Amino acid sequence: LLSDFSAETIGFFTSIRIPAALIAGSSLGALFVELETDTAFNKRKVVTFLYHSFSLLAFLLSLNVIVTATAASNSMLILNAKVLAQSPYTILMRELKFEYLTTRWSFYASIW
């Protein structure tokens, strides 16, 4: 049975932006944390570098989620037509496959 699941599809993209914005904010704040390091090369410098690198990566991936989800929800709103399918997942994989997979992968990778 085919139904119009465009509202649920838009809801997916709009609901993933809020957690992504929270992750982006916390990782942006973590970028500016100064940890005490000695002048000699030691393990603490490596850990500090990795900490800042992963914080930057989480920020960029979360920003990618926010931008892609906004563009995808706007494209569904601009389409403004009934998109009939068996489930919202079917619409996401048929109409917005790149956007769906990008937001899911980037969101999970930014949490990691």
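**Close-up views of helix packing and aromatic pairs**

**View 1. Helix H1 passes helix H4 in a left-handed crossing.** A crossing is called left-handed if the near helix is turned anticlockwise from the far one by less than a right angle, and right-handed if clockwise. The structure is a predicted model, in which local features need pLDDT of at least 70, side-chain atom pairs count only at pLDDT 80 or more, and totals for chains, interfaces and linings use all residues. Residues are numbered from 1 along each chain as its sequence is written, and side-chain values use heavy atoms, with hydrogens and water left out. H1 spans residues 6-31 and H4 residues 97-111; their axes come within 11 Å and cross at roughly 25°. Helices (H or I, at least four residues) and strands (E, at least two) are DSSP runs, numbered from the N terminus. Axes are lines fitted to C-alpha atoms, for helices over the stretch in contact, and angles run from 0 to 180 degrees between N-to-C directions. H1 and H4 are therefore roughly parallel to each other (under 35 degrees; over 145 counts as roughly antiparallel, 65 to 115 as roughly perpendicular and the rest as oblique). H1 contributes Phe-12, Phe-13, Ile-16, Pro-19, Ala-20 and Ile-23 to the contact, and H4 contributes Glu-99, Tyr-100, Thr-103, Arg-104, Phe-107, Ser-110 and Ile-111 (contact means heavy atoms within 4.5 Å). By class, this contact of H1 with H4 comprises 9 nonpolar, 2 polar and 2 charged residues (Ala, Val, Leu, Ile, Met, Phe, Trp, Tyr, Cys and Pro count as nonpolar, Asp, Glu, Lys and Arg as charged, and the others, Gly among them, as polar).

**View 2. Helices H3 and H4 have axes that come within 5 Å and cross at roughly 105°.** This angle makes H3 roughly perpendicular to H4. The residues in contact are Tyr-89, Leu-92, Met-93 and Glu-95 from H3, with Lys-97, Tyr-100 and Leu-101 from H4. In the contact of H3 with H4, 5 residues are nonpolar, no residue is polar and 2 are charged.

**View 3. Helices H1 and H3 pack at an angle of about 70°, with their axes 9 Å apart.** H1 is thus roughly perpendicular to H3. Ser-6, Glu-8, Thr-9, Phe-12 and Phe-13 of H1 meet Pro-88, Ile-91 and Leu-92 of H3. The contact of H1 with H3 divides into 5 nonpolar, 2 polar and 1 charged residues.

**View 4. The structure holds 5 aromatic pairs.** Among them, Phe-54 and Trp-112 are edge-to-face, at 6.0 Å centre to centre and 85° between the planes. Rings of Phe, Tyr and Trp (its six-membered ring) pair if their centres lie within 6.5 Å; planes under 30 degrees apart count as stacked, over 60 as edge-to-face and the rest as tilted. Phe-54 belongs to helix H2 (residues 43-79) and Trp-112 to the segment after H4, 58 residues apart. Phe-54 is partly exposed at 48% relative accessibility, whereas Trp-112 is exposed at 78% (buried means under 20% relative accessible area, exposed over 50%, partly exposed in between; 1.4 Å probe, protein chains only).

**View 5. The rings of Tyr-89 and Tyr-100 have centres 6.0 Å apart and planes at 80°, so the pair is edge-to-face.** Tyr-89 lies in helix H3 (residues 88-95) and Tyr-100 in helix H4, so the pair ties together parts 11 residues apart in sequence. Tyr-100 is buried, with a relative accessible area of 12%. Phe-12, Phe-13, Tyr-89 and Tyr-100 form one aromatic cluster.
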